[in-house]
Amino acid sequence: MIGNVNATTIDQYLAKYNINLAEVVQVVQTTDLADFIAGIDPSDLPHMQDLPTGYITWVDAGSNQYAFLLPEYFDPEILLFSESHKFPYTLGELLTIGGAPKMAPMFTGPVQVITGNEDAIYCGGDCMMTGDPALASIPAAVKMAFPAASAFEAYIQPNTGHAINLHYNSTAAYNVMLQFLNNHGLAPS
């Protein structure tokens, strides 16, 4: 067993993609991922006690902060609140995150991608570090997935991690989102 998940089930799933479970476990154990995807102790969070096996979450407030928040740009009380109200996600969600369609060539509506400049989950902690001088940011690369979009904007919220809503400057991000919607005829009437 790995946490609450049957290792045979995981092995079978990973084998479809030519991935070895032992290699995955080694990566998890030798990187910061171990702290991020630790199994749930349901006694700490009563609202999760009746979940079936296969649910995971970050292990503690430190891991929560590492993955979602940028130090000095959020109220420490919000970290404690978010930690005490966290909800899990399934192992399947984690394993299939890269399985979403890579292109939406028929989508013709407007597209906005917004994240914090220090988003550890999607940008590795630096959304401007693309490795390609022609690419302004990691989120800007999403434009290639929407070649027929009527408009595209990649906005990087300064002084912010993955959880934009929990940072001091979240209202600035909301204003950018609302302005984008308004500019493209999607504002409420």
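**Close-up views of a predicted model**

**Figure 1. One salt bridge, E83 to K86.** The salt-bridge count comes to one. The model is predicted. The partners are the side chains of E83 and K86, with N to O at 2.7 Å. That falls within the 4 Å cut-off for a salt bridge. Are these two residues buried or exposed? E83 has a relative accessibility of 14%, so it counts as buried. K86 is buried as well, with a relative accessible area of 6%. Both values are under the 20% limit that defines buried.

Figure 2. Helix 5 covers residues 76-84. Its buried residues are L79, S82 and E83. How are they arranged around the axis? Seen down the axis of helix 5, the buried residues fall within an arc of 100°, so they line one face. What do the buried residues pack against? Their partner is helix 4, residues 61-68. The face turned away from the buried side carries the exposed residues E77 and L80.

**Figure 3. E72, a positive phi between helix 4 and helix 5.** E72 sits in the loop between helix 4 and helix 5. Its phi is near 80°, a positive value in a residue other than glycine. Most residues other than glycine have a negative phi. E72 is exposed, with a relative accessible area of 71%.

**Figure 4. N159, a positive phi between strand 4 and helix 8.** N159 lies in the loop between strand 4 and helix 8. N159 is not a glycine, yet its phi is positive, at about 55°. Is N159 buried, partly exposed or exposed? It is partly exposed, with a relative accessible area of 32%.

**Figure 5. An edge-to-face pair, F107 and F146.** A search of the whole structure finds two aromatic pairs. One of them is formed by F107 and F146, whose ring centres are 5.9 Å apart. The ring planes stand at 75°, so the pair is edge-to-face. Where do the two residues sit? F107 lies in the loop between helix 6 (91-96) and strand 3 (110-116). F146 lies in the loop between helix 7 (120-123) and strand 4 (151-157). The pair therefore ties together parts that are 39 residues apart in sequence. F107 is partly exposed, with a relative accessible area of 38%. F146 is also partly exposed, with 22%.

Figure 6. T115 is part of strand 3. Its relative accessibility is 7%, so T115 counts as buried. Which residues does T115 touch, leaving out those up to four places away in sequence? They are C123, C127, P139, Y155, I156, Q157 and I164.

**Figure 7. S170 in helix 8.** S170 has its place in helix 8. It is buried, with a relative accessible area of 8%. S170 touches I164 and N165, not counting residues up to four places away in sequence. I164 is also among the residues that T115 touches.

Figure 8. Y174, L178, L181 and L186 make a nonpolar surface patch of about 340 Å². Y174 is found in helix 8, residues 170-183. How accessible is Y174? Its relative accessibility is 31%, so Y174 counts as partly exposed. That value passes the cut-off of over 30% for patch residues.

**Figure 9. The whole protein, for orientation.** The secondary structure comes to eight helices and four strands. Along the sequence, the pattern reads α-α-α-β-α-α-β-α-β-α-β-α. Of the 189 residues, 30% count as buried. The accessible surface is about 11800 Å². Carbon and sulfur atoms account for 59% of that surface. What share of the contacts with a separation of 6 or more joins residues 24 or more positions apart? The share is 63%.

Key: Residues numbered from 1 in each chain as written. Predicted model: local features only at pLDDT ≥ 70, side-chain atom pairs only at ≥ 80, totals over all residues. Heavy atoms only, no water. Patch = residues over 30% accessible without salt bridge, like charges linked within 9 Å, V, L, I, M, F, W, Y side chains within 5 Å. Areas by Shrake-Rupley, 256 points an atom, 1.4 Å probe, with all protein chains shown as cover. Buried < 20%, exposed > 50% of the residue type's maximum accessible area, 1.4 Å probe, protein only. Phe/Tyr/Trp six-rings, centres within 6.5 Å; stacked < 30°, edge-to-face > 60°. Arc of directions from axis to C-beta. Contact = heavy atoms within 4.5 Å.
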